[in-house]
Amino acid sequence: MNSPSSSSPTALRTTGQQLRRRSWAEPWKIKMVEPIKLTTAEQRTAAMRAAGYNTFLLRSEDVYIDLLTDSGTSAMSDWQWAGLMLGDEAYAGSKNYYHLEEAVSRHYGYKHLIPTHQGRGAEHILSQIMIRPGDTVPGNMYFTTTRFHQEHAGATFVDVVIDEGHDPASPHPFKGNVDLAKLERVLTTAKHVPYACLAATVNMAGGQPVSMANAHAVHELCARHSVPVMMDATRAVENAWFIKCREPGYAEKTCAEILREFCSYTDGCTMSGKKDALVNIGGWLSLNDDALAEKARNLVVVFEGLHTYGGMAGRDMEAMARGIEESVQDDHMRARVGQVEYLGELLLAAGVPIVAPIGGHAIYLDARRFYPDMPQDNFPAQTLASELYLDAGVRAMERGIVSAGRDAKTGQNHHPKLELVRLTIPRRVYTQAHMDVVAESVEAVFQQTKKPRGLRMVYEPEYLRFFQARFEPI
Ligand code: P71
């Protein structure tokens, strides 16, 4: 890693009084490797066709560098793997549950822990216990599964992120912030608001953080209306790292301290442990309110598993408890976000249009600027994701009109402003050389002289269509 950005505190003054950057590297070394396959252009063409031009439908065997998601794709540490061997697989009251409860309470600070199989399990339970048909849920930009569960429970989601969040070029340091005026409008006009949803960081905006000041203000505003704030804590540690780097007054605080303060401005959280918490499966719902927690425990046994395992094996809970400890270490976060910045800076140097500032877990390519003449209904981001795979076997994810789906009431396609392709970096998995290969491939696709005309959707599933939709080239 030899390109620390201004946000990484690695600049050194040399004896010549010149400001010089020093290389730095990840705080780990590799103990085990997993071979990956190089493919030919012919093999990739056949694989892409068989997958209906949807990267979700590729076989992972056919992928060289897999940047589909950072979800459940992290490499666990030797300490986490050792924890797997200490799984207490009792049906009830596993000691690993108590380790997890301790870790969540120490680093996130909430009173009650309800384990779930992954994030959407927690979203389902939260939505079912808090939302009544006709409710309105404000949030700082939608996330697919989160909005789905809110709407499924009968709510209408209202986006209250600041306008900069929808502008891929805005350099605002906290593009995930809530627009307090938009939020206040919802709080004063909606019939009933069961809770406000605060995502840290905001995935669909490009992994953009929320500032501490904004979280504090959201909490105060909601408290005046007696509305609780529920956080999507999926990447809240990455959010804490950005606060440390970008918000005045936090540079000397540790990630762990910042995370605790941030959580203190919220009343509970849903969590996908598959991201920040460095595990391949797992999640939880946290709540401070006793009565709500009781409701959640009543439902978790119906949908997930007993309230002391929620769909996870004991060993999974142990790995997650240990992953939480590792995730809040500053050295870990510096390398994690630093690697994303490294890739982003290579692409910026090559003139490739990406969402700025560089986010926490991924680089987002602005597909509209790859294909300025392609109408959004021809799926520019879906097209770009398939072109990237065809070029060098790099798998990315569409985050545009296909992901946005249809309006639950009118059935019309949502037309999101952002038409993006996400290059998502798994934690502790790929090297700097992999990032170099990715950057070269993206640049080659950006420079293509013969541009594709786009795709047509030939199969559209009813729910969360992006996962299984199929396409054909136009
Ligand atoms: C990601 C995922 C996984 C995913 C989910 C849906 C479509 C494509 C990929 C999952 C998140 C997330 C946020 C902010 C809740 C979940 C659900 N992200 N909130 O980014 O990013 O968690 O997957 O554990 O159920 O690839 P879950």
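A polar contact is a pair of N or O atoms within 3.5 Å; within protein, one atom must be able to donate a hydrogen and the other to accept it, and residues adjacent in sequence count only if both atoms are side-chain atoms. The model is predicted: local features need pLDDT of at least 70, side-chain atom pairs count only at pLDDT 80 or more, and totals for chains, interfaces and linings use all residues. Residues are numbered from 1 along each chain as its sequence is written, and side-chain values use heavy atoms, with hydrogens and water left out.

Two further side chains take part in contacts of this kind. An N or O atom in the side chain of R120 is 2.7 Å from an oxygen atom of the ligand, and in the side chain of T234 such an atom is 3.5 Å from a nitrogen atom of the ligand. The ligand exposes 550 Å² when taken alone, and the protein buries 97% of that; these accessible areas come from the Shrake-Rupley method with a 1.4 Å probe.

The shell around the ligand can now be described as a whole. It has 22 residues, the closest being T69, R120, D232, S272 and R422; a residue is counted if one of its heavy atoms lies within 4 Å of the ligand. Five of the residues are nonpolar, nine polar and eight charged. In this grouping, Ala, Val, Leu, Ile, Met, Phe, Trp, Tyr, Cys and Pro are nonpolar, Asp, Glu, Lys and Arg are charged, and the others, Gly among them, are polar. Helix α4 gives the largest share of the shell, three residues. Helices (H or I, at least four residues) and strands (E, at least two) are DSSP runs, numbered from the N terminus. Because domain 1 (21–70 + 330–473) and domain 2 (78–327) both give residues to the shell, the ligand lies between them; the bounds come from an automatic or database domain assignment.

Three bridges join β13 to β14 (residues 420–424), and the bridge partner of M397 in β14 is R422.

Most residues other than glycine have a negative phi, and most peptide bonds are trans. The bond from A200 to T201 is cis, with omega near -10°, and T201 is in the loop between β7 (196–199) and α7 (212–224). Another cis bond runs from A356 to P357, with omega near -15°; P357 lies in the loop between α12 (330–349) and β11.

Conventions
Two strands pair if DSSP finds at least two bridges between them.
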